[in-house]
Amino acid sequence: MFKFSDIHPDAVEKRQPEGGTINGRFKIQKADDDKRLAFGWASASATINGETVEDCVGDIIDVEELEQAAYNFVELYREGGEMHERGGCAVLVESVIFTPEKIAAMGIPEGTVPTGWWIGFKVTDDDVWAKVKDGTYPMFSIEGEAVRVPEAAGNAAN
């Protein structure tokens with residue numbers, strides 16, 4: 001099993017929080033200052049080699065569940081917030097779920113992109129955009145509710 005930070009080393013920022021452990025988080029991959037756009041991975045289910053990914057809190061999100069959550073977000077919300085506390089800071093402008101089937105249908109060579117959710121937001125809040133630019137907010141974080149289901153011992157990915 002791979003950790004969140006093993007997916008794409010250049011797409012992950014490593015931070016040293018209190019307690020000494022290193023958490024990997026997806027970095028914003030592309031930003032356009034003039035248009036106030038930020039793009040990057042919201043979440044990933046598998047590495048470019050198809051190995052299961054565990055997020056920074058130890059959860060595994062199956063690509064089908066991630067896909068449905070992304071569709072629900074796009075249909076019902078489309079709004080970006082600040083630190084899961086305040087909404088109305090950004091508007092979703094791009095959302096793509098990369099499943100193995102979609103990757104093949106798009107003609108993307110196997111082993112090129114992870115299985116996951118790529119997003120882009122137009123940041124509408126001045127203070128939040130300033131924090132994106134200065135690195136205070138270097139990544140995206142998905143928010144949602146789920147029921148944790150223990151992984152069966154015989155089904156654990158290696």
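This is a predicted model: local features need pLDDT of at least 70, side-chain atom pairs count only at pLDDT 80 or more; totals for chains, interfaces and linings use all residues.
Q: Which strands form the open sheet, and in what order?
A: The order is β4-β5-β9-β8-β7, 5 strands with antiparallel pairing. Strands (E, at least two residues) and helices (H or I, at least four) are DSSP runs, numbered from the N terminus. Two strands pair if DSSP finds at least two bridges between them.

Q: Which strands sit at the edges?
A: Those are β4 (28–32) and β7 (79–82), each of which pairs on one side only. On average, neighbouring strands of the sheet are turned by 30° against each other, direction ignored. For such angles, axes are lines fitted to C-alpha atoms, for helices over the stretch in contact, and values run from 0 to 180 degrees between N-to-C directions.

Q: How is β4 joined to β5?
A: By 4 bridges, with the two strands running antiparallel. Ala31 stands opposite Ala38 in β5. The two strands form a hairpin with 4 residues between them, and Arg36 in the turn has a positive phi of about 60°.

Q: And β5 itself, buried or exposed?
A: Strand β5 is mostly covered, with 10 of its 10 residues buried. Buried means under 20% relative accessible area, exposed over 50%, and partly exposed in between (1.4 Å probe, protein chains only). Strand β5 also pairs with β9 in the antiparallel sense over 8 bridges, and Ala46 has Thr115 in β9 as its bridge partner.

Q: Moving on to helices, which strands does α1 lie across?
A: Helix α1 (residues 63–76) lies across β5 (37–46), β7, β8 and β9 (115–123), and runs at about 135° to β8. Contact here means heavy atoms within 4.5 Å.

Q: And α3?
A: Helix α3 (residues 126–133) lies across β4, β5, β7, β8 and β9, at about 125° to β4.

Q: Which residues of α3 are buried?
A: They are Val128, Trp129 and Val132. Seen down the axis of α3, these buried residues fall within an arc of 100°, so they line one face of the helix. The arc is that of the directions from the helix axis to the C-beta atoms. An α-helix has 3.6 residues a turn, so residues three or four places apart point the same way. The cover over the buried residues of α3 includes β4, β5, β7, β8 and β9.

Q: What does the face turned away from the buried side carry?
A: That face of α3 carries the exposed residues Asp126, Asp127 and Lys133.

Q: What follows α3?
A: Gly135 follows α3, and its phi is positive, near 90°.

Q: Now salt bridges: how many are found in the whole structure?
A: The search finds 5. A salt bridge is a side-chain nitrogen of Lys or Arg within 4 Å of a carboxyl oxygen of Asp or Glu. One of them joins the side chains of Lys102 and Glu67 (2.9 Å, N to O). Lys102 lies in helix α2 (residues 100–105) and Glu67 in helix α1, so this pair ties together parts that are 35 residues apart in sequence. Lys102 is partly exposed at 25% relative accessibility, whereas Glu67 is buried at 17%.

Q: Which residue does Lys131 meet?
A: Its side chain meets that of Glu82 in a salt bridge (3.3 Å, N to O). The pair links distant parts of the chain, with Lys131 in helix α3 and Glu82 in strand β7, 49 residues apart. Lys131 is partly exposed, with a relative accessible area of 29%, and Glu82 is buried, at 11%.

Q: And what does Asp125 pair with?
A: Asp125 forms a salt bridge with Arg86, their closest N and O atoms being 3.2 Å apart. Asp125 lies in the loop between β9 and α3 and Arg86 in strand β8, so the pair ties together parts that are 39 residues apart in sequence. Asp125 is buried, with a relative accessible area of 16%, while Arg86 is partly exposed at 36%. Salt bridges that share partners join Glu82, Arg86, Asp125 and Lys131 into one network.

Terms used. Residues are numbered from 1 along each chain as its sequence is written. Side-chain values use heavy atoms; hydrogens and water are left out.
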